[in-house]
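Dear colleague,

I am handing over the structure below, and I would be grateful if you could look through it alongside the notes that follow.

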Amino acid sequence: MKNLLDGSKTYKKTMNAFKLRYPIILIHGTAAGDSSLFWGRIPKTFKKNNISFFYGKTDGWGTVANNAQMLKRNLSDLAEKTGVTKFNLIAHSKGGIDARYFISTLKGHQMVASLSTLSTPHLGTPIADYLMEKHLSGDSVTKKLIQRISFLFGGQSPAAIELIRRGKT
């Protein structure tokens, strides 16, 4: 069987014939942003093959609840502008947790046709356990450093410590 990602005629024919019923929403995780820098060649491939997609426009340092609210607002705006009633969500890392919260808690299931998650820590992450136990209690230097780094990397409403606390296993 020929690899469809090798640039062959079979791949090109398959991608050109590929049509989704609903557009894709790309939702990034912690410390990331809505750009090709984060998503690599995915947006370029979607554009090249006329696959309708949008970015989730969430905050790389926002809490799950805040990002889910942002997602709800952004998808509602997109639905109003485009007339689309549902979306296919593709979420990376914490973006998957944000999307699940949106779907289950904010009635997002009415707007979501599918959710695919990539490297999402559905059961928490050991690094959060370690940081909370060893370095983020009280008024630690590490706690202040993490908060400063979150601002430096462009968080709209950085809540880095809350992210780590919620990411425990």
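In which strand does Thr117 lie? Thr117 belongs to strand E4, and, as with everything below, this is read from a predicted model. With a relative accessible area of 30%, Thr117 is partly exposed, because that value falls between the 20% under which a residue counts as buried and the 50% over which it counts as exposed. If neighbours within four places in sequence are left aside, Thr117 is in contact with Ala91, Gly96 and His122, and with the side chain of His122 the side chain of Thr117 makes a polar contact of 3.2 Å. Thr117 and Ile27 are separated by 90 residues in sequence, while their C-alpha atoms are 9.3 Å apart in space.

The sheet to which this strand belongs is an open one of four strands, paired in parallel and ordered E2-E1-E3-E4. Its edges are formed by strand E2 (53-55) and strand E4 (112-118), each of which pairs on one side only, and from one strand to the next the twist averages 20°. Strand E1 (residues 24-27) and strand E3 (residues 87-92) run parallel and are joined by four bridges; Leu26 stands opposite Ile90 in E3.

Across E1, E3 and E4 lies helix H5 (residues 94-105), which runs at about 140° to E3. H5 has 12 residues, and the distance from its first C-alpha to its last is 16 Å, close to the 16 Å expected at 1.5 Å a residue. Its buried residues are Lys94, Gly95, Gly96, Asp98, Ala99 and Phe102, and just after the helix Lys107 takes a positive phi of about 60°.

Lys94 in H5 may deserve a separate look. Lys94 counts as buried because its relative accessible area is 9%, which is under the 20% cut-off. The side chain of Lys94 reaches the backbone oxygen of Gly62 at 3.2 Å, and a polar contact of 2.7 Å joins it to the side chain of Asp98.

Thr63, in the loop between E2 and H4, is also a buried residue, at 16% relative accessibility. A polar atom of the Thr63 side chain lies 3.1 Å from the backbone nitrogen of Asn66.

Turning to the nonpolar packing, the largest core has 15 residues, of which Ile25, Ile27, Leu71, Leu75, Phe87, Leu89 and Phe102 touch the most other members. At least two residues of this core come from each of E1, helix H4 (64-82), E3 and H5, and the largest share, five residues, is supplied by H4. Apart from this core lies another, of six residues, among them Ile24, Leu26, Trp39 and Phe53. Leu71, one of the residues named for the largest core, touches Ile25, Ile27, Gly56, Thr58, Ala99 and Phe102, when residues up to four places away in sequence are not counted.

With best wishes

Definitions and conventions
Residues numbered from 1 in each chain as written. Predicted model: local features only at pLDDT ≥ 70, side-chain atom pairs only at ≥ 80, totals over all residues. Heavy atoms only, no water. Pairing = 2+ DSSP bridges. Axes fitted to C-alpha atoms, helices over the stretch in contact; angles between N-to-C directions. Contact = heavy atoms within 4.5 Å. Core = buried A, V, L, I, M, F, W, Y, C linked by side-chain atoms within 4.5 Å. Buried < 20%, exposed > 50% of the residue type's maximum accessible area, 1.4 Å probe, protein only. Polar contact = N/O pair within 3.5 Å; in protein donor to acceptor, adjacent residues only side chain to side chain. Expected span 1.5 Å × (residues − 1).
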